[in-house]
Amino acid sequence: MLQTLAQVSLFSLLAIICVQAEQYFNLPIPGSVIGLAIVLLLLLTKTIPERGVSLGSAWLIGELLLFFIPPVVSVIKYQSLFEHYGARLIVMLVLGTVFVLVGTGFVVDRVFRFERRMNRQRAQASLAPSMEG
């Protein structure tokens with residue numbers, strides 16, 4: 001539990017730092033995306049091991065529903081906005097969701113194909129010495 005809390009705290013600290021950097025340097029990329037890129041880079045270079053973020057990320061994914069509460073509250077708060085632009089907003093939300101789902105599906109498919117190819121190459125490389133000997 002303490003390890004999960006530490007990892008979530010580090011994610012939060014990284015998010016705060018990246019948002020502050022975005023605002024300070026007036027970057028066009030959102031701070032959250034910068035934070036994700038930093039975590040991805042640290043994982044790819046094995047600067048931090050996967051198990052170093054796995055508990056915190058699993059907890060955040062498990063509690064993901066809590067992050068949708070603020071948008072629902074804002075929908076209630078800005079009801080007049082939705083009365084004027086409701087149809088357009090719904091169309092944009094549906095289109096945005098479709099684009100995100102298609103993009104995510106495409107990227108996940110490519111990553112699985114890459115991973116499968118790498119596993120096949122590793123399996124062939126491990127079988128090659130035993131076939132020779």
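Aspartate 109 has a relative accessible area of 31%, so it is partly exposed; that class lies between buried, under 20%, and exposed, over 50%, with a 1.4 Å probe and protein chains only. Arginine 113 is partly exposed too, at 45%. This is a predicted model, where local features need pLDDT of at least 70, side-chain atom pairs count only at pLDDT 80 or more, and totals for chains, interfaces and linings use all residues. Residues are numbered from 1 along each chain as its sequence is written, and side-chain values use heavy atoms, leaving out hydrogens and water.

Aspartate 109 and arginine 113 form a salt bridge, with the closest N and O atoms 3.0 Å apart. The term means a side-chain nitrogen of Lys or Arg within 4 Å of a carboxyl oxygen of Asp or Glu. The structure holds one salt bridge. Its two residues are four apart in helix H5, residues 79-132, and therefore about one helical turn from each other. Helices here are DSSP runs of H or I, at least four residues, numbered from the N terminus.

Now helix H2. Which residues of H2 are buried? They are Gly31, Ile34, Gly35 and Val39. These cover an arc of only 135 degrees around the axis, so they sit on the same side of H2; the arc is taken from the directions from the helix axis to the C-beta atoms. Helix H1 (2-25) is included in what covers them, contact being heavy atoms within 4.5 Å. On the face turned away from the buried side, H2 carries exposed Leu36, Leu41 and Leu44. Just after H2, lysine 46 has a positive phi of about 60 degrees.
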